[in-house]
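I opened a notebook for this structure and wrote down what I looked up. The entries follow in the order in which I made them.

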Amino acid sequence: MDLNAPVPTASPAPLKVAVILGSNREGRFAPVVAEWFLDRAAGHPDIETDLIDVAESEIPAALSHRPGARLADVADRLAQAEAFVVLTPEYNHSYPAPLKNLIDRHYAEWQAKPVAFVSYGGISGGLRAVEHLRQVFAELHAVSVRDTVSFHNAGALFDDRGRHKDPAPSDAAAKTMLDQLVWWGRALREARERHPYGA
């Protein structure tokens, strides 16, 4: 028996990642980006995803203390998530109002968890929207992942069937981002288990 041999440890449970599709605009490009991203995420061995689409969540525009069954379901899914990936377009140098509505209706669900971003748009690739979102999530005590995936002039990058024409650079960016998300997700999971956040 080799006393110096490393002790085998169980593999950590997959990270539960809520993927938030932040646009509900008619004719939106978001489902193309979401399908591309979810395909990449499915190939990552350390995560499992749950897609939350603001267009299907029926979130009321008016803030209320009576959330209703659909919003309660979304709140529960966010609470169960250990990390987040926000998919956002850029509208007028920022992100969509329905996404802000979803974010503002929750608080503890975001705390001490990592959030990563996939953005798309014109020449900026949605990066100005991401910079605004970083400030919002910092206020909610979430940790934003440094690396992002952004699609500049997104409509020209995908063919009519939604396939990326030159996927290698974006695939590499997605892997880097997801690896960072897993690191932060596991570190913060362990921290929350040892000491509940804010206690």
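Is R128 buried, partly exposed or exposed? I found that R128 counts as partly exposed, because its relative accessibility is 34%. The scale I used calls a residue buried under 20% relative accessible area, exposed over 50% and partly exposed in between, with a 1.4 Å probe and protein chains only.

I noted that this is a predicted model, in which local features need pLDDT of at least 70 and side-chain atom pairs count only at pLDDT 80 or more, while totals for chains, interfaces and linings use all residues. Residues are numbered from 1 along each chain as its sequence is written, and side-chain values use heavy atoms, with hydrogens and water left out.

Entry: salt bridges. I took a salt bridge to be a side-chain nitrogen of Lys or Arg within 4 Å of a carboxyl oxygen of Asp or Glu. By this rule I have 14 salt bridges.
R128 forms one of them with E90, and the closest N and O atoms are 2.6 Å apart. E90 is in the loop between β3 and α3 and R128 is in helix α4 (residues 127-139), so the pair ties together parts 38 residues apart in sequence. Helices (H or I, at least four residues) and strands (E, at least two) are DSSP runs, numbered from the N terminus. E90 counts as buried, at 14% relative accessibility.

I then looked up D53 and R28, whose side chains meet in a salt bridge at 2.7 Å, N to O. D53 is in strand β2 (residues 47-53) and R28 in the loop between β1 and α1, 25 residues apart. D53 is buried at 6% relative accessibility, and R28 is partly exposed at 21%.
I also noted that D39, R40 and D171 are linked in a network of salt bridges.

Entry: the loop between α3 and β4. K113 has its place in this loop, between α3 (97-104) and β4 (114-121).
A polar atom of the K113 side chain lies 3.0 Å from the backbone oxygen of E109. The backbone oxygen of L78 lies 3.3 Å from a polar atom of that side chain.

A112 is in the loop between α3 and β4 and counts as buried, at 7% relative accessibility. Leaving aside neighbours within four places in sequence, A112 is in contact (heavy atoms within 4.5 Å) with H141, A142, L188, R192 and Y197. Q111, in the loop between α3 and β4, is buried at 18%.

Entry: nonpolar cores. A nonpolar core is a set of buried Ala, Val, Leu, Ile, Met, Phe, Trp, Tyr and Cys residues joined through side-chain atoms within 4.5 Å. Which members of the largest core touch the most other members? I listed F37, V85, L87, V118 and F151, of 27 residues in that core. The elements giving two or more residues to this core include β1 (15-21), β3 (83-89) and α5 (168-194). α1 gives the most, with 6 residues. A second, separate core of 25 residues includes I20, L99, V130 and V136.

How values were computed
Polar contact = N/O pair within 3.5 Å; in protein donor to acceptor, adjacent residues only side chain to side chain.
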